[in-house]
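Dear colleague,

Please find the structure below, handed over for your files.

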Amino acid sequence: MQNLSAKIIGVGMSVPEKRLTNFDLEKMVDTSDEWISKRVGIKERRVAEENEYNSTFATAAAKDAIEMAGLTPEEIDFIIVGTTTGDTAYPSVACIVQNNLGAVNAAVVDVAAACTGFIYGAGIAWSMIKSGLMKNILVIASEVNTAMIDWHDRDTCILFGDGAGAAVFTATEETGTGVLSMELGGDGSCQELLVMPNSGSRKYTNPDGTPMMRAIQMTGNEVFKNAVRRMNEAALAVLKKAGLSNEDVDLLIAHQANIRIIDAVAKRLKLSPEKVYINIQKYGNTSAATIPIALCEAVQEGRVKSGDLLVVDAFGAGLTWGAMAIRWA
Ligand code: UT7
């Protein structure tokens, strides 16, 4: 069998126009711009309008990624969407995007790994391409988190935003280029730390028997500690698997959930600030979409050059985590 790998040849992103600033949130809950900026690093987030769906952003991000890749929609073999906030349980977002794009030859699936959805999707794409089964795979991550928020809960409503990012992976025979290694993990024993009740078939009730609201519930500081530990371990694992060290990293693109989590991971990896990509201040936590949105902006800003070693690193509900080492083509 040929020695195949997968490289990224196109990226795209799309976020809602509507902005919700920390000052707007000050009028809604007992919080402050100072607290949010200092404790989380967010200044504003984007919020979908009623007539904008998960698939709206997923499709727009995908169009840009395919155009940059220089492919036609018909050349896409597989569309994988990392999401837990799809338009509907079914059809999948991937199915809707396929129809919107006219990607008639593509297989379609959504991957539910919460904030790690893009890395899990990219992992599936890498293995399908590596095995020779498929050539061009579109991996999207898209979320409309603001539909799942209790706007009275200051613990969570300040954190999340909406948007989508996409990347086209294609087969390459060049050695040492594209995806070099991957680490995926999960720990279902910590499932209670981050839950979205009444988002599936199980019925959750309050102590008085009334239905619980479908809104993100999080034990923030426990999630925080797990995030730092697992993202650090995942980054080290992919470097080791690729025969590289932290000194080889040119850019860390970590899940944008909290600036203090990213700083803690970067510190453990001994990375200087210019080797760490941060855009949480503009979009907040867009769950699975933070990594491809950050990757797209990093590429557009010229922060990623041919030959650079990127580490993408995510963590989310489940618990789930994952990382990839990628040599930019
Ligand atoms: O994407 C999936 C992964 N998600 C994450 O990784 C998120 C991980 N967790 C976090 O980022 C942080 O735990 C949070 C940002 C959610 C919370 O920050 P924290 O530093 O862990 O704060 P805390 O929950 O320990 O609360 C500290 C204080 C409390 O007040 P007291 O008890 O010290 O008087 C809270 O009531 O801050 C208070 N607080 C707030 N104050 C102003 C909590 N939320 C707010 C708020 N505005 N929005």
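**Domain interface**

Between domain 1 and domain 2 the count of salt bridges is zero, a salt bridge being a side-chain nitrogen of Lys or Arg within 4 Å of a carboxyl oxygen of Asp or Glu. Please note that this is a predicted model, in which local features need pLDDT of at least 70 and side-chain atom pairs count only at pLDDT 80 or more, while totals for chains, interfaces and linings use all residues. Residues are numbered from 1 along each chain as its sequence is written, and side-chain values use heavy atoms, with hydrogens and water left out.

Domain 1 covers 5–172, and domain 2 covers 178–198 + 206–327; these bounds come from an automatic or database domain assignment. The C-alpha centres of domain 1 and domain 2 are 15 Å apart. To the contact (heavy atoms within 4.5 Å), domain 1 gives 50 residues and domain 2 gives 48 residues.

Together, domain 1 and domain 2 bury about 3800 Å², with 70% of it on carbon and sulfur atoms. Buried area here is the accessible area (1.4 Å probe) that two parts lose on being put together, summed over both. Of the area that domain 1 buries against domain 2, 18% is supplied by Cys-115, Ile-119 and Met-148, more than by any other three residues.

Although salt bridges between domain 1 and domain 2 number zero, there are 19 residue pairs in polar contact between them (both at pLDDT 80 or more). A polar contact is a pair of N or O atoms within 3.5 Å; within protein, one must be able to donate a hydrogen and the other to accept it, and residues adjacent in sequence count only if both atoms are side-chain atoms. On the side of domain 1 that touches domain 2, the elements that each supply at least two residues include strand E1 (5–14), helix H5 (117–130) and strand E7 (162–172). Helices (H or I, at least four residues) and strands (E, at least two) are DSSP runs, numbered from the N terminus.

**Salt bridges**

The count of salt bridges comes to 12. One of them joins Glu-34 to Lys-38, with the closest N and O atoms 3.3 Å apart. Both residues lie in helix H2, four residues apart, about one turn of the helix. Glu-34 is exposed at 53% relative accessible area, and Lys-38 is exposed at 58%; buried means under 20%, exposed over 50%, and partly exposed in between (1.4 Å probe, protein chains only).

Glu-297 pairs with Lys-282, the closest N and O atoms being 3.1 Å apart. Glu-297 is buried, at 7% relative accessibility, whereas Lys-282 is partly exposed, at 28%.

A further salt bridge links Asp-308 and Lys-305, with 3.8 Å between the closest N and O atoms. Asp-308 is buried, with a relative accessible area of 10%.

**Cysteines**

How many disulfides are there? The count is zero, where a disulfide is a pair of cysteine sulfur atoms within 2.5 Å. Cys-157 is in no disulfide, and the nearest cysteine sulfur, that of Cys-115, is 17 Å away. Cys-157 is buried, at 0% relative accessibility, while Cys-95 is partly exposed, at 32%.

With kind regards
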